[in-house]
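My entries follow in the order I made them.

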Amino acid sequence: MRPVGEDRVAGPAPEGRASEGLVPVQSSGVPAQGSGVPVQGSGIPVHRSGVTVQGGGGPVHGSGVPVQGGGDPVHGSGGAAPGRGPVPTEAAPLRFAVLGDSFSEGVGDRAAGAWRGWAALLADGLAGPGRRVEYVNLAVSGALSADVAAHQAPRAVALRPHLASVVVGVNDTLRHGFDIGLYARRLDRVLGALDAAGAVLLTACLPDPGRMLGLPAPLARPLARRRRSVNAVVHALSARRGAVHLHLADPAWTDDRRLWSADRLHPGERGHRAVAGAFHRLLAERGLARGPAPSPEASEPPPTRAETARWLATAGTGWVLRRSRDLLPQLLLLAGEELLHRGDGTGQGPLDARAETALAAALAATMGE
């Protein structure tokens, strides 16, 4: 997995990062060793595999029946698109590409000195006995929807994955230039390209960062409004493409602090395992996860209150300062607007209506309604 970085969104990865190429994952979770042959048509080396990946495969046959969380801290549905996406033959590997930001990069779940995360845990449980998964993680901390559309999606499409996860949007809501219309068009373009390449799509909506960080209401409400718009777009496009979708904004997920790392923005090990387990369950319903489900048991305890406070006082301060240059002036303006409407008695109504109008326009333009 990629080492810790400072909100990287482009450029080459550090030397030796396995996820820059398709890495065969055996049932043990240990990458196979080999020479490193380039993936045909992609320009991406296959590190430590010695395998050249070809495209193709047969159709997926699935139930298309929505699946609920069954008491777990995450809930989702298997989508409604049976027959979507190729499944490799028994002799061929199943290719899994991961796109997005730090959530998919694995931040918050450290193993062997590097980020691991839910996608790596899931990859280990996709193939049954005698099969292997070739797994590439293109996600980068700090990535915006623009970065995923411009840099990650073309590389993923070239790999012709059987499965492709796309989870992005939190960083968009934390930028002063947030535009729900642009976000919707970019996400639609990414999902459409992967869908056309034959991939089964994995998506998720995520919690509101203002609520997770415990920001004061005038600061939290604008972020919540943006996050609701992003989630509405993700829901609509996921349904349109028949994606396997997780509803990670549910209170059962957000209220369980054991699932979160000290920064309160990324899942901890237990949270990453919960996400991997939920995706595994939904994929198993489609016959796409034939290996053992990831264990929900964490090898490390959740962060203590002291550890959380220490992070907020050290690394957290640096994070806030970096974000402040971009987000804080805009957020203060939004908070001022909130207070102004509250003071003149109009409340949140006009601001909510403006956001809903922008969302409706974005969905109409994207969905053709």
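**Overall.** What percentage of the 369 residues in the protein chain do buried residues make up? I found 51%, where buried means under 20% relative accessible area, exposed over 50% and partly exposed in between (1.4 Å probe, protein chains only). This is a predicted model, in which local features need pLDDT of at least 70 and side-chain atom pairs count only at pLDDT 80 or more, while totals for chains, interfaces and linings use all residues. Residues are numbered from 1 along each chain as its sequence is written, and side-chain values use heavy atoms, with hydrogens and water left out.

I counted 13 helices and 11 strands in the protein chain; these are DSSP runs numbered from the N terminus, helices being H or I with at least four residues and strands E with at least two. Of the contacts with a separation of 6 or more, 76% join residues 24 or more positions apart. Contact means heavy atoms within 4.5 Å.

**Helix 5 with helix 7.** I looked up how helix 5 (residues 180-196) packs on helix 7 (residues 217-241): the angle is about 25 degrees and the axes are 10 Å apart. Helix 5 is therefore roughly parallel to helix 7. Axes are lines fitted to C-alpha atoms, for helices over the stretch in contact, with angles from 0 to 180 degrees between N-to-C directions. Angles under 35 degrees count as roughly parallel, over 145 as roughly antiparallel, 65 to 115 as roughly perpendicular and the rest as oblique.

Helix 5 contributes I180, Y183, A184, L187, D188, L191, G192 and D195 to the contact, and helix 7 contributes S229, V230, V233, V234, L237, R240 and R241. I sorted the residues of this contact into nine nonpolar, two polar and four charged. Here Ala, Val, Leu, Ile, Met, Phe, Trp, Tyr, Cys and Pro count as nonpolar, Asp, Glu, Lys and Arg as charged, and the others, Gly among them, as polar.

**Helix 3 with helix 5.** The axes of helix 3 (residues 145-158) and helix 5 come within 9 Å and cross at roughly 5 degrees, which means that helix 3 is roughly parallel to helix 5. On the helix 3 side I listed S145, A146, V148, A149, A153, A156 and V157; they meet Y183, R186, R189, V190, A193 and L194 of helix 5. The residues of this contact are 10 nonpolar, one polar and two charged.

**Helix 9.** E269 is in helix 9 and counts as buried because its relative accessibility is 9%. Its side chain makes a polar contact of 3.5 Å with that of R116. A polar contact is a pair of N or O atoms within 3.5 Å; within protein, one must be able to donate a hydrogen and the other to accept it, and residues adjacent in sequence count only if both atoms are side-chain atoms.

R273 is also placed in helix 9, and at 12% relative accessibility it counts as buried. Leaving out residues up to four places away in sequence, R273 touches R116, L121, S295, P296, E297 and A298.

**Two loop arginines.** R290 lies in the loop between helix 9 (269-285) and helix 10 (305-313). I noted its side chain reaching the backbone oxygen of G287 at 3.0 Å.

R160, in the loop between helix 3 and strand 9 (163-167), has a positive phi of about 50 degrees although it is not a glycine. Most residues other than glycine have a negative phi.
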